[in-house]
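Here is a friendly walk through a protein structure, taken one topic at a time.

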Amino acid sequence: MGIRHRIIPLTAALALTGGLAATEAAPALAAHPASGQSARPAAAGGTYLYFNKNPSNPGNSRLYLMKSIPNAKDKVLAKYRAGSGNGGRNAKNECASMQGWLPNGSYRVLAHTKRHNGGARGINGYAIHVQDKVCKNGRTKRTELFVHSEMNVNGTQGARQPGRDNPYRWDGVRDYYSLGCIKLTPAHIKNLFSRAAHYGWPKQLKVVS
């Protein structure tokens with residue numbers, strides 16, 4: 001899940017990187033998947049999402065929109081700063097429900113919408129829903145997994161609340177923290193939707209670290 005309560009006061013700075021309309025070579029890990037995983041997470045010529053977790057700073061990881069290229073390295077169509085995990089002591093524990101980052105592996109993309117309505121303190125607005133995943137202990141299932149941001153159902157930003165966090169407004173870099181979902185800034189997830197509509201919607205998400 002993605003919305004989370006903050007423990008530390010928000011910083012005011014908003015650090016944005018990525019959102020590039022790149023046609024560069026694929027990330028190294030995209031071309032060299034872990035043993036037992038397919039080197040082609042999408043059909044030849046299709047697109048997929050690729051999330052590369054950053055162990056030194058999970059809130060400064062990268063999400064790529066990739067294009068599968070037959071008999072060549074896959075191509076980066078766009079890349080974005082992204083985060084997963086709540087930033088606490090279990091942030092890198094994929095089996096810590098509602099705390100840790102997403103487990104490594106391949107996920108089916110189930111749906112995407114610009115007007116997700118998650119209810120009270122849920123995920124709103126632009127959201128990509130991916131399948132549940134059992135973590136590496138073979139027992140704990142991570143559920144309600146999305147690529148999303150912080151916004152109202154209609155994609156607008158919530159009101160500023162001085163001294164408090166509004167879960168429907170992007171206030172700064174701590175908004176990259178989540179309960180396990182992949183988080184992007186509002187501008188970046190809107191850019192991702194635009195590029196996915198142009199190049200073809202991905203049917204898979206691949207997560208690595």
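Four aromatic pairs occur in this predicted model: the structure holds 4 aromatic pairs, where rings of Phe, Tyr and Trp (its six-membered ring) pair if their centres lie within 6.5 Å, with planes under 30 degrees apart counted as stacked, over 60 as edge-to-face and the rest as tilted. One of them joins Tyr 126 and Phe 193 edge-to-face, at 4.9 Å centre to centre and with 75° between the planes. This pair links distant parts of the chain, since Tyr 126 is in strand E7 and Phe 193 in helix H2, 67 residues apart. Helices (H or I, at least four residues) and strands (E, at least two) are DSSP runs, numbered from the N terminus.

Phe 193 also forms an edge-to-face pair with Trp 201, again described by two values: 4.9 Å centre to centre and 80° between the planes.

Residues are numbered from 1 along each chain as its sequence is written, and side-chain values use heavy atoms, with hydrogens and water left out. Because this is a predicted model, local features need pLDDT of at least 70 and side-chain atom pairs count only at pLDDT 80 or more, while totals for chains, interfaces and linings use all residues.

Now step back to the whole chain. It has 2 helices and 12 strands, which follow the pattern β-β-α-β-β-β-β-β-β-β-β-β-α-β along the sequence. Of the 209 residues, 47% are buried. Contact means heavy atoms within 4.5 Å; among contacts between residues at least 6 apart in sequence, 64% join residues at least 24 apart. The chain exposes about 9,600 Å², and carbon and sulfur atoms supply 51% of that area, as computed by the Shrake-Rupley method with a 1.4 Å probe, where for residues only the protein chains shown count as cover.

Next, look inside. In soluble globular proteins, nonpolar side chains tend to be buried together. The largest nonpolar core here has 24 residues, and those with the most contacts inside it are Leu 63, Ile 182, Leu 184, Leu 192 and Leu 205. A nonpolar core is a set of buried Ala, Val, Leu, Ile, Met, Phe, Trp, Tyr and Cys residues joined through side-chain atoms within 4.5 Å. Among the elements that give two or more residues to this core are strand E3 (47–52), strand E4 (61–67), strand E5 (75–82) and helix H2 (186–199). E5 gives the most, with 4 residues. Apart from this core lies another, of 6 residues, including Tyr 50, Tyr 64, Val 76 and Val 208.

Leaving aside residues up to four places away in sequence, Ile 182 touches Phe 51, Leu 63, Ala 82, Gly 83, Leu 102, Phe 146, Val 147, His 148 and Leu 205.

Charges come next. The structure holds 2 salt bridges, each a side-chain nitrogen of Lys or Arg within 4 Å of a carboxyl oxygen of Asp or Glu. In one of them, Glu 150 meets Lys 183, with the closest N and O atoms 3.2 Å apart. Glu 150 lies in the loop between E10 and strand E11 (182–183) and Lys 183 in strand E11, so the pair ties together parts that are 33 residues apart in sequence. Glu 150 is buried, with a relative accessible area of 0%, and Lys 183 is buried with 0% as well. Arg 169 and Asp 171 also form a salt bridge, at 3.6 Å from N to O; Arg 169 is buried at 17% and Asp 171 is buried at 16%.

Finally, find Cys 95, in the loop between E5 and E6. Cys 95 counts as buried, at 17% relative accessibility. Which residues does Cys 95 touch, not counting residues up to four places away in sequence? They are Cys 135, Lys 136, Asn 137, Thr 140 and Arg 142. The C-alpha atoms of Cys 95 and Lys 136 are separated by 7.1 Å, although the two are 41 residues apart along the chain.

Conventions. Buried < 20%, exposed > 50% of the residue type's maximum accessible area, 1.4 Å probe, protein only.
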